[in-house]
Amino acid sequence: MKPPIVTLRFALYGCKNRPFFFIVATRRKRPRNYGYLEQVGTFDPVPNTRNEKLASLNMDRIKYWLSVGARPSKPVAILLGLAGVLPPHPRSLVTAVKNREALATGALTLDALEEAEKDEEAETEENTEDP
């Protein structure tokens with residue numbers, strides 16, 4: 001089976017301390033911000049005043065690209081799983097279980113939970129570029 005030619009992944013825009021991501025359909029071997037076939041959404045990982053991380057998804061176009069064989073990268077698959085487009089990603093389920101257990105034992109405060117989420121986001125940002 002041939003690997004998919006198109007992938008859905010994050011394209012990093014914004015500045016050093018204020019990341020902002022476009023969710024784009026692009027050719028698999030292209031560099032992260034080189035160019036894309038279509039922008040299908042945005043993601044703002046920095047929490048706003050209500051502690052919300054904002055995502056905007058064009059569901060029709062995402063479903064189209066998935067139907068023609070586009071493969072989402074791991075961070076995009078996690079986000080699409082949370083949005084209900086794809087089945088939940090196993091990593092997000094494991095993270096949710098760990099957070100619930102830590103909150104139940106009282107070992108994790110909300111501040112520590114936010115720090116853990118920031119660490120996880122930093123890890124996913126490192127993995128945004130497909131090999």
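Is Arg18 buried, partly exposed or exposed? In this predicted model, Arg18 has a relative accessible area of 36%, so this residue counts as partly exposed.

Let me turn to the partner of Arg18. The side chain of Arg18 forms a salt bridge with that of Asp44, at 2.7 Å from N to O. This pair joins distant parts of the chain, with Arg18 in strand β2 (residues 18-27) and Asp44 in strand β3 (residues 38-44), 26 residues apart. Asp44, for its part, is buried, at 11% relative accessibility.

Arg61 is partly exposed, its relative accessible area being 28%. Glu38 is buried, because its relative accessible area of 19% falls under the 20% cut-off.

Finally, I would draw your attention to helix α2, which spans residues 74-83. Why is this helix described as largely enclosed by the rest of the structure? The reason is that seven of its ten residues are buried. They are Pro75, Val76, Ala77, Ile78, Leu79, Leu80 and Gly81. Just after α2 comes Gly84, which adopts a positive phi of about 95 degrees.

Note on methods:
Residues numbered from 1 in each chain as written. Predicted model: local features only at pLDDT ≥ 70, side-chain atom pairs only at ≥ 80, totals over all residues. Heavy atoms only, no water. Salt bridge = Lys/Arg side-chain N within 4 Å of Asp/Glu carboxyl O. Helix = DSSP H or I, 4+ residues; strand = E, 2+ residues; numbered from the N terminus. Buried < 20%, exposed > 50% of the residue type's maximum accessible area, 1.4 Å probe, protein only.
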